[in-house]
Amino acid sequence: QVQLVESGGGLVQTGGSLRLSCAASGRTFSSSVMGWFRRAPGPEREFVAAISFSGALTSYTDPVKGRFTISRDNAKNTMYLQMNTLKPEDTGVYYCAARSQSRGGRVYSRFTTADFDYWGQGTQVTVSS
């Protein structure tokens with residue numbers, strides 16, 4: 001079982017930066033593929049980025065490549081999303097997610113919400129134009 005708590009959201013102007021954090025509890029954090037999703041106004045959550053157990057492998061959705069960086073610190077049970085050059089279309093609720101250890105450690109180029117088992121409550125990011 002993994003509990004996830006996001007922080008770091010807020011209001012920022014176009015071109016600005018934010019760093020999201022995801023604090024995890026549970027002994028399986030270091031054995032879980034982790035990811036970030038976001039929900040723009042509307043019901044669907046879209047994949048943003050994912051990271052392997054060690055942090056060596058990452059994947060990103062095309063719109064954020066070159067601007068966002070996912071990372072993790074297993075000693076602190078924390079994952080991060082550094083977001084630079086933010087755009088109004090980045091606005092949304094950002095969710096931290098973890099895959100069950102039993103699903104293995106592969107990092108695909110794209111994930112869906114069904115690929116993750118544990119979710120945080122979300123943190124709002126608003127980018128003003």
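1. How many bridges join E1 to strand E3? Five do, and the two strands run antiparallel. Strands here are DSSP runs of at least two residues, numbered from the N terminus, and two strands pair if DSSP finds at least two bridges between them. Within E3, Ser25 is the bridge partner of Gln3.

2. The model is predicted: local features need pLDDT of at least 70, side-chain atom pairs count only at pLDDT 80 or more, and totals for chains, interfaces and linings use all residues. Residues are numbered from 1 along each chain as its sequence is written, and side-chain values use heavy atoms, with hydrogens and water left out.

3. One disulfide (cysteine sulfur atoms within 2.5 Å) is found in the whole structure. Cys22 is joined to Cys96, S to S 1.9 Å. The pair links distant parts of the chain, Cys22 in strand E3 and Cys96 in strand E9, 74 residues apart. The torsion about the S-S bond is about -60 degrees, so the disulfide is left-handed.

4. Cys22 has 0% relative accessibility and counts as buried; buried means under 20% relative accessible area, exposed over 50%, partly exposed in between, with a 1.4 Å probe and protein chains only. Cys96 is also buried, at 0%.

5. Phe37, Phe47, Tyr108, Phe111, Phe116 and Trp119 form one aromatic cluster. Phe111 and Phe116 are both buried, whereas Tyr108 is partly exposed at 33%.

6. The charged end of Arg19 sits over the ring of Tyr80, 4.0 Å from its centre; the criterion is CZ of Arg or NZ of Lys within 6 Å of the ring centre and within 35 degrees of the ring normal.

Methods
Helix = DSSP H or I, 4+ residues; strand = E, 2+ residues; numbered from the N terminus. Phe/Tyr/Trp six-rings, centres within 6.5 Å; stacked < 30°, edge-to-face > 60°.
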